[in-house]
Amino acid sequence: MALADRCVQCGLCLPVCPTYSLERLETESPRGRIALTRAWALDTIAPTAVADTHLDHCLGCRSCEAVCPAGVEYGQLLVQARQRQRERRPPAWRQRLIEGLAARPRWLNAGLGLYRRAHGWLPASLRPLPRPPRPVRWPSRPATPAPAARVGLFVGCVAQAYESPLRAALARLCGALGVELDPVAGQGCCGALHEHAGNRDSAARLAAGNRAAFAGHDTVLTLASGCHDGVAHALGSGVRTIDALSFLGERAAALRWRATPQRVALHLPCTQRNVVKSVPALRRLLAGVPGLEVIELDAGHGCCGASGTQMFADPERAAEYRAPLIDQFLRSGATRLLSANIGCRLHLGNGTTAPVQHPLEFLAQCLEETPTG
């Protein structure tokens, strides 16, 4: 109620809300959902399946927070509303399966290993994700100079199988700056999938595990904008949790790039824009590459539709959000699509055969072989 009462019902959130943009219904807007959850809390109206659907549809992009003049913490309100919803309505089997696998990295990695081998044989209906890449070896560290700094690296759950090339790329970029990466043992899922589905108990357990794993680290880098907030809250104010893009952006002047006359398309995830706020650092890094032309995708409803597990729970609806972005990308003439959140990349990657990469994986390919600085 305290969170809901801060909303002054001004409606400034409506133009930036992806679900309102798609449906043009008040109940599909942040203002409508706040009014709905407030009525539930007051027992003014009883929960119904139709009303639950409006809450389910929310993508949790938090674009409304970015424009709210009253400072409504919509993300927190959504989590609490879904927690109450979960108490009276058990989650679907698919949601329980995803949460269970994300919390058990060994099971998840084994399953994705089988999925990689079977991917080409599976029908399209059984390929909800792109084929995981082959594992890439961590680049060897020179034996001589001691690193200027040593930072922890948050890996996450599904990223363990999908981001091996990205982690190697980040290690190479950090190596050019004299920074050593530590892929900390014992870490696990950030818990965002669980918390956003109302499973706050599981999210808290995962946060405690990561807090213990990263004990002793002053600085921890994240690669997925969707994981960043959960990791930062888990590690607390005593640890500097920073997006790897922001970390490298602070040191951009020390990196040397080779000429790369290419056109690339850039997708800016909701979490990167509204939560992590590493967009200026990313633009600064890309602008330093000679000859590179960057096309920022801005078509559609303001979100790609991945939204954690929603691309699995409602793939047709998720594809509606993705379609305008893919169409703009295909018309742009870009050679590849860059996005800083793993969920967005997996969702976008299932909509095109073109390369879909994290910007840092691409930037590592543009790095001079013998950088100075």
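Mentor: What follows is a tour of some helices, strands, cores and single residues.

Trainee: What kind of model is this, and which pLDDT do local features need?
Mentor: This is a predicted model, in which local features need pLDDT of at least 70 and side-chain atom pairs count only at pLDDT 80 or more, while totals for chains, interfaces and linings use all residues. Residues are numbered from 1 along each chain as its sequence is written, and side-chain values use heavy atoms, with hydrogens and water left out.

Trainee: Okay, where does Cys174 lie?
Mentor: Cys174 lies in helix 9, residues 164-176; helices here are DSSP runs of H or I with at least four residues, strands are runs of E with at least two, and both are numbered from the N terminus.

Trainee: Is Cys174 buried or exposed?
Mentor: Cys174 counts as buried because its relative accessibility is 0%, where buried means under 20% relative accessible area, exposed means over 50% and partly exposed is in between, using a 1.4 Å probe and protein chains only.

Trainee: And what is Cys174 in contact with?
Mentor: Leaving aside neighbours within four places in sequence, Cys174 is in contact with Val179, Leu181, Leu221, Phe247 and Leu248, contact being heavy atoms within 4.5 Å. The C-alpha atoms of Cys174 and Leu255 are separated by 9.6 Å, although these residues are 81 apart along the chain.

Trainee: Switching to cores, which residues touch the most other members of the largest nonpolar core?
Mentor: Val158 and Tyr162 do, in a core of 41 residues; a nonpolar core is a set of buried Ala, Val, Leu, Ile, Met, Phe, Trp, Tyr and Cys residues joined through side-chain atoms within 4.5 Å. Among the elements that give two or more residues to this core are helix 6 (93-102), helix 7 (105-118), helix 8 (159-162) and helix 18 (342-349). A second, separate core of 38 residues includes Cys174, along with Val151, Leu292 and Leu363.

Trainee: Back to Tyr162, what does it touch?
Mentor: Not counting residues up to four places away in sequence, Tyr162 touches several residues, including Leu112, Tyr115, Pro130, Ile342 and Leu346.

Trainee: What about strands, how does strand 1 pair with strand 2?
Mentor: Strand 1 (residues 149-153) and strand 2 (residues 179-182) pair in the parallel sense over four bridges, and two strands are said to pair if DSSP finds at least two bridges between them. Ala149 has Val179 in strand 2 as its bridge partner. Strand 1 also pairs in the parallel sense with strand 3 (residues 219-222), over two bridges, and there Leu153 stands opposite Leu221.

Trainee: And which order does the open sheet of four strands have?
Mentor: The order is 6-5-7-8, with parallel pairing, and the edge strands, each pairing on one side only, are strand 6 and strand 8 (356-357). Strand 7 (residues 337-339) is joined to strand 8 by two bridges, with Leu337 opposite Val356.

Trainee: On to helices, at what angle do helix 3 and helix 5 pack?
Mentor: Helix 3 and helix 5 pack at about 135 degrees, with their axes 11 Å apart; axes are lines fitted to C-alpha atoms, for helices over the stretch in contact, and angles run from 0 to 180 degrees between N-to-C directions. That makes helix 3 oblique to helix 5, since angles under 35 degrees count as roughly parallel, over 145 as roughly antiparallel, 65 to 115 as roughly perpendicular and the rest as oblique.

Trainee: Which residues meet there?
Mentor: Asp52, Leu55 and Asp56 in helix 3 meet Leu78, Ala81, Arg82, Gln85 and Arg88 in helix 5.

Trainee: Last topic, what is the phi of Arg62, and where is its place?
Mentor: Arg62 has a positive phi of about 65 degrees although it is not a glycine, and its place is in the loop between helix 3 (49-57) and helix 4 (63-67). Arg62 is partly exposed, because its relative accessible area is 23%.

Trainee: And Arg317, buried or exposed?
Mentor: Arg317, in helix 17 (residues 315-332), is buried because its relative accessible area is 8%. Arg317 touches Thr19, Leu22, Glu23, Glu28 and His57, not counting residues up to four places away in sequence.
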